[in-house]
Amino acid sequence: MTLTFNPEKYKELLTAYLPKLIKSEAENEQALGIVEDLMHQERTPEEDELYHLLIILIEKFEQEYYQPSQQNNPVSMLLFILEESERSKDDLVAVLGTEDLVDNILNGQEKINTEQARKLGEFFHLESSLFME
């Protein structure tokens with residue numbers, strides 16, 4: 001059975017959480033708390049949409065306030081998501097192929113290519129663009 005997206009349920013979630021651009025560390029912490037709660041449960045399609053929206057808002061805030069001069073850093077994003085999802089380097093090896101490749105990516109010796117970004121996006125249920133420069 002395929003779950004379908006219910007706009008009314010999504011509207012209820014949006015009303016309950018009121019997601020908006022994050023402008024302070026307190027707002028960021030609140031959004032991170034919601035994401036963490038959603039991360040550790042089986043999500044409905046509506047919750048999944050809210051989850052992805054909050055991740056984008058958090059990423060935007062953190063890029064602007066914590067790394068204003070830095071470009072999108074896929075390795076930092078990968079390490080953050082790996083830690084937050086309580087996954088390990090072994091999980092990345094299973095997704096990407098070899099331990100050497102994962103080590104090279106994590107050490108910045110090799111960039112994540114489009115196909116690897118796609119696989120990571122599927123594995124973490126996120127947009128593959130998060131893993132691209």
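**Core packing and aromatic contacts in a predicted model**

Tyrosine 10 counts as buried, because its relative accessibility of 15% falls under the 20% limit set for that class. Three aromatic pairs are counted in total.

Confidence was considered next. The protein chain has an average pLDDT of 88, and 94% of its residues score at least 70. Among the elements of the chain, α1 has the highest confidence, at 94, whereas α4 has the lowest, with a mean of 85.

The largest nonpolar core comprises 35 residues, and those with the most contacts inside it are Leu78, Leu92, Leu120, Phe124, Leu126 and Phe131. At least two residues of this core are supplied by each of the helices α1 (7–17), α2 (25–39), α3 (45–66), α4 (74–84), α5 (89–96), α6 (99–106) and α7 (114–124), and the largest share, seven residues, comes from α3. Phenylalanine 131, one of the residues with the most contacts inside the core, touches Pro74, Leu78, Ile81, Ile112, Ala117, Leu120, Gly121, Phe124 and Leu126 when residues up to four places away in sequence are not counted. Phe131 also belongs, together with Phe123 and Phe124, to one aromatic cluster.

A contact between a charged residue and a ring is found at tyrosine 51, where arginine 43 lies over the face of the ring, at 3.8 Å from the ring centre.

Glutamine 116, which is found in helix α7, is buried, with a relative accessible area of 10%; when neighbours within four places in sequence are left aside, glutamine 116 is in contact with Leu96, Leu101, Ile105, Glu110 and Lys111. Aspartate 90, by contrast, is found in helix α5 and is classed as exposed because its relative accessible area of 58% is over the 50% limit. The C-alpha atom of aspartate 90 is separated by 9.0 Å from that of valine 102, a residue 12 residues apart from aspartate 90 along the chain.

Terms used
Residues are numbered from 1 along each chain as its sequence is written. This is a predicted model: local features need pLDDT of at least 70, side-chain atom pairs count only at pLDDT 80 or more; totals for chains, interfaces and linings use all residues. Side-chain values use heavy atoms; hydrogens and water are left out. A nonpolar core is a set of buried Ala, Val, Leu, Ile, Met, Phe, Trp, Tyr and Cys residues joined through side-chain atoms within 4.5 Å. Buried means under 20% relative accessible area, exposed over 50%, partly exposed in between (1.4 Å probe, protein chains only). Helices (H or I, at least four residues) and strands (E, at least two) are DSSP runs, numbered from the N terminus. Contact means heavy atoms within 4.5 Å. Rings of Phe, Tyr and Trp (its six-membered ring) pair if their centres lie within 6.5 Å; planes under 30 degrees apart count as stacked, over 60 as edge-to-face and the rest as tilted. A charge sits over a ring if NZ of Lys or CZ of Arg is within 6 Å of the ring centre and within 35 degrees of the ring normal. pLDDT is the predictor's confidence in each residue, from 0 to 100.
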